[in-house]
Amino acid sequence: MLMTRDFSHYVKDVDQQVAHLDLAVEGVTCAGCMAKIERGLSAIPDVTLARVNLTDRRLAVEWKKGALEPALFIDRLAELGYKAYPYEPVRAEVEESERSKFLLRCLGVAAFATMNVMMLSVPVWYGGDLSSEARDFFHWLSALVVLPCAAYAGQPFFQSAWRALSAKSVNMDVPISIGVVLALGMSLVETINHAEHTYFDAAIMLITFLLAGRFLDQKMRQRTRAVAGNLAALKAETATKFVGPDEISEVPIAAVRAGDIVLLRPGERCAVDGSVVEGRSEIDQSLITGETLYVKAERGTQVYAGTLNISGTLRVRVAAAAEGTLLSEITRLLDHALQARSRYVRLADRASQLYAPVVHATALLTVIGWVLAGASWHDAVVTGIAVLIITCPCALGLAIPAVQTVASGAMFRAGVLLNAGDAIERAAAVDTIVFDKTGTLTLPELDVVNGAGVPDEIFQLAGRLALASHHPVAAAVARAAQAKAPLPGVTEEPGRGVRATFNGEELRLGSPAFCGADAEANAILSEDPEVSVVAFSRGDRHTVFAVRQLLRPDAAKTIDALTNRGIAVELLSGDREPAVRHAAAALGVGAWRAGVTPAEKIAHIEALKAQGRVVMMVGDGMNDAPSLAAAHVSMSPISATHLSQATADLVFLGKELAPVLAAVDYSRKAMAVMRENLTLAIGYNVLAVPIAIAGLATPLIAALAMSGSSILVMLNAMRARRVRLGGASWK
Amino acid sequence: MEVMVILVPLALALGLLGLGAFLWSLKSGQYEDLDGAAWRAISDDDQPLPPPAQERG
């Protein structure tokens with residue numbers, strides 16, 4: 001069969017002559033890599049641009065249309081030692097990067113205005129022999145600088161406040177916008193009336209501080225999304241599609257349409273949902289159902305993205321969305337769970353719902369109080385607005401986003417990516433964690449368990465022979481032996497194993513029967529029925545390898561640590577009872593259930609929620625997606641199916657389970673610091689408000705109070721970077 | 001004090017110039033890859049690399 005690779009889906013046209021391709025590149029860490037890649041690609045004739053972005057680990061290539069194929073760049077990068085794959089930015093990422101640019105523009109404008117207004121304000125605060133004409137001149141210049149700048153840089157707050165008010169709710173931006181607008185309006189009126197005090201500086205400083213907080217928050221989120229985007233791209237999910245009766249082409253998943261026929265070879269993971277139209281094989285559905293036992297596949301069998309093909313070659317017809325029975329069932333459950341998900345009100349919004357009415361009422365009472373006490377309407381209104389300016393929630397507006405930024409940065413370094421903005425707040429309250437077994441507590445790949453007893457030489461030979469096979473069990477042997485050099489002249493006997501001749505002896509790797517090692521295999525299987533076995537023979541000597549999914553290396557330690565923090569741990573798996581019992585015993589988890597369907601998982605989580613528990617669900621399979629949505633907060637490993645990863649609030653990287661613990665620890669710490677910050681911000685208001693009510697809040701006092709309290713909460717937010725872990729701290 | 005009528009607007013104009021420069025640098029993509037820019041400044045350009053595979057034949 002003829003085989004081509006077709007990446008044209010990712011190629012964009014710059015103009016008539018030039019084409020553009022974005023690639024995610026793995027392992028670019030320094031200037032050396034950057035120069036090597038750029039020079040290596042620029043040396044190809046017709047390439048007009050090759051530029052690495054070291055921050056995002058991406059590469060942009062442009063070339064003259066015609067001779068060059070995109071696959072060539074990927075091969076060239078592989079020669080240079082870098083794994084690369086075309087990358088298509090998702091809409092969310094494009095929007096976030098636009099947003100972050102906009103915030104930076106606003107911040108630039110606001111910072112410019114703040115600096116220059118300070119230059120004008122300091123002489124006015126100082127007073128001295130400043131004539132009233134000079135003061136008016138400075139006030140007018142301040143107005144000239146601040147009003148247009150505030151109108152531009154305040155947009156993020158005004159827009160968000162307007163959205164909240166249109167939806168008949170209140171968020172933190174509502175009191176901020178009201179405060180800013182009133183402060184500016186009053187200052188303008190005061191300037192026209194040649195008055196002594198204006199608050200242009202306080203208003204623009206408020207905007208600058210808040211924008212700095214929002215920009216950092218946005219930047220952190222953007223960075224997380226870039227990493228997640230690269231990881232997704234580097235999974236390099238392709239399908240082998242039939243483009244003619246006997247011609248196949250490797251295409252990216254995004255270019256596969258319903259009704260296409262794709263080829264699924266042994267050892268390949270299916271990347272599409274569909275049904276088998278030709279061929280017979282065994283398939284591993286563990287990523288879908290949690291069941292580790294292989295299932296027979298033949299004409300008409302439904303397969304799902306994430307299914308691993310074991311023994312034979314299959315042809316699969318790609319199904320339209322949710323055509324499959326299991327998938328549509330899961331989609332239905334997921335929709336239901338998402339609808340029922342209790343709408344969590346974020347801490348900042350809860351605070352502002354309390355705060356806004358109290359502050360506005362205080363300002364109103366101040367005006368009325370002064371009028372009753374005999375002051376003029378003008379003075380009373382000016383004092384009332386001064387109360388609003390002093391209480392304008394600068395510190396309050398920063399209290400939570402600053403902690404959020406610091407904590408998500410720390411979690412990022414611990415291998416946890418945040419999918420949902422409010423995940424930290426929800427994860428902090430967790431008192432029960434429900435784990436899935438397969439792929440979550442265990443590693444997604446198989447491992448050899450009895451490798452220690454096998455002589456090195458035999459292990460090496462078996463590993464080198466195993467490189468020729470696509471069977472996942474053979475792949476596990478090759479990995480465990482760290483074999484690099486395949487043996488020459490290997491022939492494969494479908495469904496049985498592989499063999500080769502080495503130094504005049506026949507080597508075989510495959511089923512125990514194929515290698516004549518039934519007795520040894522049965523001995524291992526009778527001891528532990530949960531393992532898979534693969535036999536190796538050299539001449540007439542046999543070795544049998546036992547292979548199984550191992551628990552994550554630190555799973556027991558992590559679960560122990562979670563229990564020590566007072567968190568109840570449960571195990572819910574779709575796998576068979578003996579396998580789940582074995583894992584639960586090894587981890588010391590008392591509460592476990594096996595053979596659970598997606599609907600039963602949801603029911604169990606709902607039951608826990610009804611008992612008043614705050615549940616975190618950690619799972620990876622397609623069958624876990626609905627329960628991930630049903631739990632208060634959810635987490636998935638990066639190896640999880642698309643559906644689960646998209647549903648989970650947090651995603652963790654790497655082979656270890658420790659990120660789950662880190663997520664809980666950092667969230668708890670972050671929540672504690674957020675509460676402290678709110679207390680600090682409110683405490684400051686309690687001190688400052690009486691001064692403002694008494695009419696003593698001069699612009700100098702307002703500016704000092706605002707910057708002082710903002711810096712205080714920002715410094716305090718830094719404390720969210722470290723958590724204690726039984727004496728040792730996370731780095 | 002009259003000198004302020006000239007000096008203060010001059011200071012503002014200089015500030016505005018700085019703001020313009022910042023907005024221009026933002027627009028021309030100079031903040032897209034801060035890590036890379038740090039390294040590019042100190043990299044040498046005179047280190048040849050082997051030609052690509054197809055040329056070596």
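Q: Which side chains meet in a salt bridge at 2.6 Å, N to O?
A: Those of Asp665(A) and Arg565(A) do, where a salt bridge is a side-chain nitrogen of Lys or Arg within 4 Å of a carboxyl oxygen of Asp or Glu. This is a predicted model, in which local features need pLDDT of at least 70 and side-chain atom pairs count only at pLDDT 80 or more, while totals for chains, interfaces and linings use all residues. Side-chain values use heavy atoms, without hydrogens and water, residues are numbered from 1 along each chain as its sequence is written, and chains are lettered from A and ligands numbered from 1 in the order in which they are written.

Q: Where do Asp665(A) and Arg565(A) lie in the chain?
A: Asp665(A) lies in helix 24 (residues 658-693) of chain A, and Arg565(A) in the loop between helix 19 (555-564) and strand 24 (568-572), 100 residues apart. Here helices (H or I, at least four residues) and strands (E, at least two) are DSSP runs, numbered from the N terminus.

Q: And is Asp665(A) buried or exposed?
A: Asp665(A) is buried, at a relative accessible area of 7%, whereas Arg565(A) is partly exposed at 22%. Buried means under 20% relative accessible area, exposed over 50%, and partly exposed in between, with a 1.4 Å probe and protein chains only.

Q: How many salt bridges are there over all chains?
A: A search of the whole structure finds 25, and among them is one between Lys101(A) and Glu32(B), with the closest N and O atoms 3.4 Å apart. Lys101(A) is in helix 3 of chain A and Glu32(B) is in the loop between helix 1 (4-27) and helix 2 (34-40) of chain B, so this pair joins two chains.

Q: What cluster do Tyr10(A) and Tyr85(A) belong to?
A: Together with Phe7(A) they form one aromatic cluster; Tyr10(A) is buried at 12% relative accessible area, and Tyr85(A) is buried too, at 6%.

Definitions and conventions
Rings of Phe, Tyr and Trp (its six-membered ring) pair if their centres lie within 6.5 Å; planes under 30 degrees apart count as stacked, over 60 as edge-to-face and the rest as tilted.
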